[in-house]
Amino acid sequence: MTELLTQNMAPMMFGALVIFLLIGYPVAFALAANGILFGLIGIELGMLQPSLFQALPQRIWAVMSNDTLLAVPFFTFMGLILERSGMAEDLLDTIGQLFGPLRGGLAFAVIFVGALLAATTGVVAASVISMGLISLPIMLRYGYDRRFASGVIAASGTLAQIIPPSLVLIVMADQLGKSVGDMYAGAFVPGLVLAGLYAVYAIGVTLLKPAWAPALPAEARTFREPNGSSGITSLAVLLVVAILVSIAFSKYHYAPDAPLDELLVVSTAVGVGVAFVAAVLNHALKLGLLSKIAERVTFVLIPPLGLIFLVLGTIFLGVATPTEGGAMGATGALFMALARRRISFPLLRQAMDATAKLTSFVVFILVGSRVFSLTFYGVDGHLWVEHLLLNLPGGQLGFLIVVNVLVFVLAFFLDFFELAFIVIPLLGPVAEKLGIDLIWFGVLLGVNMQTSFMHPPFGFALFYLRSVAPVKDYLDRVSGKLTAKVTTGQIYWGAVPFVLIQVLMVGLIIAVPAIVGGGMAKKAAVDTNKIEIQVPDAAVGSGAKGENELENALERELGKGAATETEPPSGAQDAAKGGADKTDAAKGEAATKPPSGEKN
């Protein structure tokens, strides 16, 4: 019996954790209790030493002193302040008017605003609740299908999980031991591609089911010129000028192989700056060159785009760390709320309370996972997981398919924080051994874990939308008509197509790995076989006495190189195929490894 327990301690520990979670115990306490319980059993069976638990204070202190996690309260606070600053209302109203004449225009506006809110708030709850309160009544008023409207709002809100500055990417980078900035850079392009896929689905709905997404009637379009025109022409001209300026700046300022994330953010900021200056001059000097809608769109888009540049631009340019970028974003959000006169002490206290609760939630789960992992690694649980996954048929592809199916199924029952703290630490080492770049792997799982917000019946985005959707028939305050309620079943069925789109995006990243690598800085490749160490001439010059002194000088020089050599960064691995094997210094010559300061 004892032998059976010792040989199967790791799977029993993992199974007990699943049972604890299914019973309904809080995740943090289930993790910690499991770790302590099986640690005591392991000590009793002689598998572990009692001194193992002496490492617990150090591991918990490592959590508390982790600077990376400071970004979590900063970005959470920024999102909560922006939710109450009125920015979402202005964006949805203005962009809704802009796309209103098109069939499905309100759906396009929700997707566009969802991507903007994702790049400014990074909080799913703030995005879904804001758009549900503002857009859903308007979409119902003008005859949108309830399933389609619910799905668009919930899915667009979940973009905050994959588009930087996402909280899940911060946690993912911490668990995989990678840079948050690199994780942001890798996820930037896939996030935009996913938003584009949502828009493509909306276009398909307008073509196949036009009754589901009608255009706004003429009386609902409030922005009109004195001559009755819509004013779209001048906006189109201003947009073309801004795009041309952005392209010209990118061509002049950046090399062809420049990082795509930095190029997009900085070039867009330059083009938006030109448009903003043109709108200000037109308004101040009353030139009459721009229409009302052109001025309105420009002035409404400036605050979120400016905040995006303040946060992501400084991170991608290397000016600020993600933690510093989060602090600047929180400060910018406060100034924006002050400028709109939407800030008050009760609101500020409410935002701080919510930030403290979410941050405590994250830290408690992380502390619990540290206790669990201490015992799990002590009983060689990581080796059990490695043997289980390394022997899968199909190599890298087989591993990726199994892991993504596993995460997809677990997302029905666990949210992304729980998945990140329980599952990712077990999968990361296996992926690295298979030669998979961990930044690419983290972005792939981030897209997959996004489905945890959309899964019926436990998706949090669906719960957020359910909390603000009408639960009974009501009289619309504008039209005066009786409007039918939105049922929970309609919300669930509306989410299904977008879950399938998210799964499609996972397959797209596996099939085209460069989607992730395209946003990251290209690292210069160094051929370690061509690195040479030159012996100074002084070694054989004055005072050198033959071959022995030459050998002594050479040994001293080689000793310096061996003392300062560094391992090549794992981030230089190829996103899909992995990287080159590290050089074995013990078996090769010292000259085959780069000296201090060189990058592999």
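How many residues does helix H18 have, and how far does helix H18 reach from its first C-alpha to its last? Keep in mind that this is a predicted model. Helix H18 covers residues 395-410, which is 16 residues, and spans 23 Å between its first and last C-alpha.

The buried residues in H18 are Gly398, Phe399, Leu400, Val403, Asn404 and Val407. An α-helix has 3.6 residues a turn, so residues three or four places apart point the same way. As for partners, the buried residues of H18 pack against H17 (381-390), H19 (416-422), H20 (424-433), H21 and H23 (488-511).

H21 brings me to a loop. Between helix H21 (438-449) and helix H22 (460-468) there is a loop, and Met454 lies in it. Is Met454 buried or exposed? Met454 has 0% relative accessibility and therefore counts as buried, the cut-off being under 20%. Leaving aside residues up to four places away in sequence, Met454 touches a list of others, including Gly151, Ala154, Ala155 and Thr158. Also among them are Leu462, Phe498, Val499 and Gln502. Gly494 is 40 residues from Met454 in sequence, and the two C-alpha atoms are 9.8 Å apart.

Next, two helix pairs. How do H7 and H9 pack? Helix H7 (residues 105-120) and helix H9 (residues 146-157) have axes 8 Å apart, at an angle of about 15°. Angles under 35 degrees count as roughly parallel, so H7 is roughly parallel to H9. Their crossing is right-handed. From H7 come Ala107, Val110, Ile111 and Gly114, and these meet Phe148, Val152, Ile153 and Ser156 of H9. By class, that contact has 6 nonpolar and 2 polar residues, with no charged ones.

The other pair is H5 with H16. Helix H5 (residues 71-83) and helix H16 (residues 345-378) cross at roughly 145°, and their axes come within 9 Å. This crossing is right-handed. On the H5 side, the contact is made by Val72, Pro73, Thr76, Phe77, Leu80 and Ile81. H16 contributes residues including Leu347, Leu348, Ala351, Met352 and Val362. The contact of H5 with H16 divides into 12 nonpolar and 3 polar residues, and no charged ones.

Terms used:
Residues are numbered from 1 along each chain as its sequence is written. This is a predicted model: local features need pLDDT of at least 70, side-chain atom pairs count only at pLDDT 80 or more; totals for chains, interfaces and linings use all residues. Side-chain values use heavy atoms; hydrogens and water are left out. Axes are lines fitted to C-alpha atoms, for helices over the stretch in contact, and angles run from 0 to 180 degrees between N-to-C directions. Helices (H or I, at least four residues) and strands (E, at least two) are DSSP runs, numbered from the N terminus. Angles under 35 degrees count as roughly parallel, over 145 as roughly antiparallel, 65 to 115 as roughly perpendicular and the rest as oblique. A crossing is left-handed if the near helix is turned anticlockwise from the far one by less than a right angle, and right-handed if clockwise. Contact means heavy atoms within 4.5 Å. Ala, Val, Leu, Ile, Met, Phe, Trp, Tyr, Cys and Pro count as nonpolar, Asp, Glu, Lys and Arg as charged, and the others, Gly among them, as polar. Buried means under 20% relative accessible area, exposed over 50%, partly exposed in between (1.4 Å probe, protein chains only). The expected span of a helix is 1.5 Å times one less than its number of residues.
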